[in-house]
Amino acid sequence: MTQFNVNLQSPIEYLKGVGQQKAELLKKELGIFTFNDLLNHYPFRYVDRTKFYKIREINADLPSVQIIGRIIAKELLGEKQGRRLVAQLRDETGTMELVWFQGIRWADKMLQPGSVFIVFGKPTEFNGRYSISHPELELYNPASRKQGNLTLQPVYSSTEKLKQSFLDTKGLQRLQYSLLEIAANIVVENLPGYLLEKHKLLRKTEAIQQIHFPLNPESLERARRRLKFEELFFIQLKLLRNKLLRTGKYKGLVFQQVGDYFNTFYSEKLPFDLTDAQKRVLKEIRQDTQKGVQMNRLVQGDVGSGKTVVALMTMLLAVDNGYQACMMAPTEILARQHYESIKSMLGEGFITIALLTGSTPKKERRKLHETLQDGSLHILVGTHALIVDEVQFKNLGLAVIDEQHRFGVEQRAKLWRKNTVPPHVLVMTATPIPRTLAMTLYGDLDVSVIDELPKGRKPIKTLHLFESQRLRMFGFMRQEIAKGRQVYIVYPLIQESEKLDLLYLEAGIEAVAREFPLPDYRISIVHGKMKAADKDFEMQRFVKGETQIMVATTVIEVGVNVPNASVMIIENAERFGLSQLHQLRGRVGRGAEQSYCILMSGNKLSREGKVRLQTMVRTNDGFEISETDLQLRGPGNIEGTQQSGVLDLKLADLATDQHLLHEARQEVIQIFEEDPDLSNEKNRLLREYFIQTSAGISWNKIS
Ligand code: ADP
Ligand code: MG
């Protein structure tokens, strides 16, 4: 072996068996540039090569089978594209076919009638007969079958181009094998020994060996556990260290007192009693804001749990202490609605509050900037428009961000810079996310949960109807409208098929207009293609009760609040994701009346679609729904995950590895309690981790 000068970062072409051409392919096709990249190209599954099937035992559900059999016949069939070689394989229980569409000449030479082969591949069924296309073949030689051989063989992802250059699973196995021969010299342990012992983890070298070529299922499991732990551990280490740095580095504004604004609002203006959960969260916020450390708190609360009033009271707290506050919402409709409802709750002459959106006229905007800078404006509600540089506060003390998953990290960072001492940040989300995901996504935020709905809310009744039951749906609408209620009908409008969706929407509007004609019924229509002013006009008509039916696309999804609307009908419900369905349903059930959600779908449903609709019918609990969503789709598709590290997880699965995540996070918390700057000798490796990965921290600290 001449490879003693190599290390993990060595270019892949230095590896035995990888020439220039293969190196280029590995880089291009799999992103493998270094030894380390190859070691991290884990198998995506394993096949058990100790198990042999009899032909009679085969069924098409098996992912792959291994059979020993004799070739009894072969023939060339078809012309041109249809040309194929078909061979008959027989064992003592039956006969099956092996088929080649490519590499026919090679297979033809290989398959001498009468010879016995070990055949491996995925069986398929056609007309009651089984066949395998392009099986792996090995001439059977009883004498040379090694005993005690590896039981589980790794299967690697590869590509057509790689396969042509002999870098199929077998080829990649060979490369891994030769790399693992020197792994003991180059793989560096990155977890301190005391952690390995405490958490019963394999050493890194061994884990890498075993994940590629496991001795048995047990050692594979141990290897996976070690590598998953490592993944989760370092994410938590990074998140919690950022939090530590942030709280150490930035002084926080101190909201010393609860003053007149807060107290007057609470005792004279608040139209209802706060729920216990709202009170608890306010208490947590109160504690955060008097510590002298910048608050970064996420308030998670299901739709309708009353987050807005919590935000409002926090803003009053800021004003009581001589600071300004702002609240940013993701859409114009929502910003306007927050503005209106806050204004009506506060009443005239109490506090100065203004709205700033993209459609605020220039003149008004200039005036607004002035009042912001001289401090006479207390609260600013708005959209993204309020983060631009021209918007300067006299002394911003609190920034509230509603529906935070709609905003990018960068936009939030801009809010930080609106004051020399960064303002306290309160982030609100109605997309409940499972705890595991929260720990990873918002690991450096403090999390409050409003886990209680205001008293007297009747749970929304949810119903799933098929297209054939549409008349029943219309009948139900009529009945509710007669009682004075209002109805939403929502259509999907999804980018890729926008044209078709618009057609559906138009057809839907026509059908509704036919069923519910003037003058008895009036309809509002809102969709994303309309001008903001028109949208607003239509929305307002519905809010004021001038129209009874609102036909809309998902633009109304977030935050819209019309308590008299008690029926939500979702068309093509099978096309929506779970969290979106839940958000939409949350638009009703906001008043005292019994509310309903009707999910309309076609007759043909995918399995996943069925589970989604069943879940919606079964439960109103946003956390349960998000848990199911995570199981169905994986974390990558959950809203808000796109910018986080969770997508980079190679092995760990936030849906199934909750225990391990918890274990890792607890460990990190304990480490930082004992040794906040990681200066203990026993934590040397952890300190080095930060030295090696110190680049690119700047954005991470703002989550
Ligand atoms: P979300 O958490 O979805 O943002 P909102 O803040 O919009 O919910 O509140 C939903 C509705 O519930 C609003 O009409 C609000 O005035 C009302 N509400 C909030 N808190 C309470 C409470 N403690 N008791 C009764 N109604 C409440
Ligand atoms: Mg809200």
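View 1. Pro 519 sits in the loop that runs between helix H18 (498–515) and strand S19 (523–526). This is a predicted model, so keep that in mind for every view here. The bond to look for joins Leu 518 and Pro 519: it is a cis peptide bond, with omega at about 0°. For background, most peptide bonds are trans.

**View 2. A positive phi at Asn 572.** Here we are in the loop between strand S21 (565–570) and helix H20 (578–585), where Asn 572 is found. What is the phi of Asn 572 near? The value is near 50°, which is positive, and Asn 572 is a residue other than glycine. Most residues other than glycine have a negative phi.

**View 3. The surroundings of ligand 1.** Zoom in on ligand 1 and you'll find 16 residues around it, with Asp 273, Gly 304, Lys 307, Thr 308 and Arg 457 being the closest. Sorted by class, that shell holds four nonpolar, seven polar and five charged residues.

View 4. Start with Gly 304: one of its polar backbone atoms is 2.6 Å from an oxygen atom of ligand 1. With Thr 308, it's a polar side-chain atom that lies 2.7 Å from a ligand oxygen. How much of ligand 1's accessible area does the protein cover? The answer is 83% of the 570 Å² that the ligand has on its own.

**View 5. Two helices crossing.** Helix H10 (residues 260–269) and helix H12 (residues 307–320) have axes that come within 7 Å and cross at roughly 145°. On the H10 side, the contact is made by Asp 260, Tyr 261, Phe 262, Phe 265 and Tyr 266. H12 brings residues including Val 309, Leu 312, Met 313 and Leu 316. By class, you're looking at 10 nonpolar residues, two charged ones and no polar ones.

**View 6. A salt bridge between Arg 226 and Glu 189.** Across the whole structure, a search turns up 30 salt bridges. In this one, the closest N and O atoms of Arg 226 and Glu 189 are 2.7 Å apart. Arg 226 belongs to helix H9 (residues 217–249), while Glu 189 is in the loop between helix H6 (183–186) and helix H7 (193–198), so the pair ties together parts that are 37 residues apart in sequence.

Terms used: Residues are numbered from 1 along each chain as its sequence is written. Chains are lettered from A and ligands numbered from 1 in the order in which they are written. This is a predicted model: local features need pLDDT of at least 70, side-chain atom pairs count only at pLDDT 80 or more; totals for chains, interfaces and linings use all residues. Side-chain values use heavy atoms; hydrogens and water are left out. A residue is near a molecule or strand if one of its heavy atoms lies within 4 Å of it. A polar contact is a pair of N or O atoms within 3.5 Å; within protein, one must be able to donate a hydrogen and the other to accept it, and residues adjacent in sequence count only if both atoms are side-chain atoms. Accessible areas come from the Shrake-Rupley method with a 1.4 Å probe; for residues, only the protein chains shown count as cover. Ala, Val, Leu, Ile, Met, Phe, Trp, Tyr, Cys and Pro count as nonpolar, Asp, Glu, Lys and Arg as charged, and the others, Gly among them, as polar. Axes are lines fitted to C-alpha atoms, for helices over the stretch in contact, and angles run from 0 to 180 degrees between N-to-C directions. Helices (H or I, at least four residues) and strands (E, at least two) are DSSP runs, numbered from the N terminus. Contact means heavy atoms within 4.5 Å. A salt bridge is a side-chain nitrogen of Lys or Arg within 4 Å of a carboxyl oxygen of Asp or Glu.
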